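The sequence and the structure are shown first.

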Amino acid sequence: MSTAEGPLVVGVDTSTQSTKALVIDAATGRVVASGQAPHTVSSGAGRESDPREWWDALGEALNQCGEAAHEAAAVSIGGQQHGLVTLDGQGEPVRPALLWNDVRSAPQARRLIDELGGAKAWAERTGSVPSASFTVTKWAWLAEHEPEAARAVKAVRLPHDYLTERLTGEGTTDRGDVSGTGWWASGTEEYDEGILARVGLDPALLPRVVRPGEVAGTVRDGHGLPFSKGTLVAAGTGDNAAAALGLGLRPGVPVMSLGTSGTVYAVSQRRPADPTGTVAGFADARGDWLPLACTLNCTLAVDRVAALLHLDREAVEPGTDATFLPFLDGERTPNLPHSSGLLHGLRHDTTAGQLLQAAYDGAVHSLLGALDLVLDADADPSAPLLLIGGGARGSAWQQTVRRLSGRPVQIPEARELVALGAAAQAAGLLTGEDAAAVARRWNTAAGPVLDAVERDEATLNRITGVLSDAAPLLERDATSR
């Protein structure tokens, strides 16, 4: 038996590349046990995964946690957003899930925006202007390109919904994750039947939206996981909303997450609706809002550049006038789904380390360009920028963000914030607390603060100029190459 002071809870992060599980002491926030297992993503034009791999990875991660997982009184799943999971009548996948970074539905996104009144109408209706990342565009792509598969679908889920349903037997989702689908109206907080009709999706195929703090169900028999029957299951949420819970985030505090994708976001008490589409008007998992901007190319893109140059990822050098836009997988912010990487300003004396620094600068520029739109107008401009995700541990990332933002940068010591946020959500079921208050009690955001330095306006302006000048090239559709 464990020596925990309070009940144990499990928080899960099912991300693009792997599933992680943490067993947490709900009283103290101490990590009692942890586990992680990988899953695969297809290469080529699409980005797909078999959802059954996520379930197998969850089982492996929990088995690594040992007896502590069996003792848990509640569990919650945080997961990658936007993914389209299509199930048949037996709950089996009709086809592999289309993931958030699958951009094949860019034409469907453009068509849907035009057919339903333009970008401003979409922002007012759903809080966001759909891009190729959004689930609604993926369903439209599926209906157009694989109509037989679409007709076989008896249930549509998001990645975290799929795992939660296999635990409970009930089809549920939450407001944080469903707000990234494009078929949920943020003003009424209900499914938008007009949008669903436009893409030919029966609302009966969608899960029930569980309210913040509500129990989604209990663990059923026959799941094959080390949970006791009757263990409480929380609603779960999308990965960014889970990380916001994991930080105990208060309104107005900016966050930059450096992972496979890069994101900037902040909690707001105002419902966002950005007609430019730069900011997605997501809901958070508590009842507030989580305006967010996301880039497709972050740590993996920079690591790829380092590998091409045969450099360690930290081997950056200052002093370059070269500009590198690392849009290796197309890009979402700015909205350039068919773009590729672009290098400008190469000279005889440009070094490999300077090129690598230019890749960091290009990745961070995209995120900082959206930060002012994410934050409310009355947010404190001197508040530390919370830097999280795998990249946050790297000195080159830290110093690049510090130099280009001109803000103090705080690096929380707590890791696996998505799983921690899910665990805080699970703990809230047991204690009756708000999940963010649980995380603040656990002191998850504590960490060193790097002092602000003068903002590098010259580099920011140079990258902005190159991006503007190159726009016709970057916006060229893949079919015209």
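How many bridges join strand β17 to β19, and do the two strands run parallel or antiparallel? The model examined here is a predicted one. In it, four bridges join β17 (residues 262-265) to β19, and the two strands run antiparallel. Within this pair, G262 stands opposite T295 of β19.

**The sheet**

These two strands belong to an open sheet of seven strands with mixed pairing, in the order β18-β19-β17-β16-β22-β23-β24. The edges are formed by β18 (280-283) and β24 (449-450); each has a single partner strand, so one side of each is left without a neighbour in the sheet.

| Strands | Direction | Bridges | A facing pair of residues |
|---|---|---|---|
| β17 and β19 | antiparallel | four | G262 and T295 |
| β18 and β19 | antiparallel | four | F282 and L290 |
| β16 and β22 | parallel | three | M256 and L387 |

Strand β16 covers residues 255-258, and its parallel partner β22 covers residues 385-388. Strands β18 and β19 form a hairpin with five residues between them, and there G287 takes a positive phi near 130°.

Strand β19 (residues 289-295) is mostly covered, with seven of its seven residues buried. The side chains of W289, P291, A293 and T295 point one way from the strand, while L290, L292 and C294 point the other way, and all are buried.

The largest nonpolar core contains 61 residues, and W139, W183, L201 and Y265 have the most contacts inside it. Helix α14 (residues 417-431) supplies the largest share of this core, namely eight residues.

The surroundings of W183 can be described in detail. When neighbours within four places in sequence are left aside, W183 is in contact with several residues, among them L84, V136, W139, V156, L201 and L206. Its contacts also include T135, E190 and D192.

Helix α14 is itself mostly covered, since 13 of its 15 residues are buried. Its length can be checked by simple reasoning. At 1.5 Å a residue, the 15 residues of α14 should span 21 Å; the end C-alpha atoms are 20 Å apart, which agrees. After the helix comes G432, whose phi is positive, near 80°.

**The packing of α10 against α14**

Two packed helices are described by the angle between their axes and the distance between the axes. For α10 (residues 239-246) and α14, the angle is about 75° and the axes are 7 Å apart. Angles of 65 to 115 degrees count as roughly perpendicular, and α10 and α14 are therefore roughly perpendicular to each other. On the side of α10, the residues that meet α14 are D239, A242, A243, L245 and G246. Their counterparts in α14 are L417, V418, L420, G421, A422 and Q425.

**A residue of helix α16**

Is V466 buried or exposed? This residue lies in helix α16 (residues 457-469). At 11% relative accessibility, V466 counts as buried, because buried means under 20%. Not counting residues up to four places away in sequence, V466 touches T323, L325, L342 and H344. The case of H344 shows how the fold can bring together parts of the chain: V466 and H344 are 122 residues apart along the chain, and their C-alpha atoms are separated by 7.7 Å.

How values were computed
Residues numbered from 1 in each chain as written. Predicted model: local features only at pLDDT ≥ 70, side-chain atom pairs only at ≥ 80, totals over all residues. Heavy atoms only, no water. Core = buried A, V, L, I, M, F, W, Y, C linked by side-chain atoms within 4.5 Å. Buried < 20%, exposed > 50% of the residue type's maximum accessible area, 1.4 Å probe, protein only. Contact = heavy atoms within 4.5 Å. Expected span 1.5 Å × (residues − 1). Pairing = 2+ DSSP bridges. Axes fitted to C-alpha atoms, helices over the stretch in contact; angles between N-to-C directions. Parallel < 35°, antiparallel > 145°, perpendicular 65-115°, else oblique.
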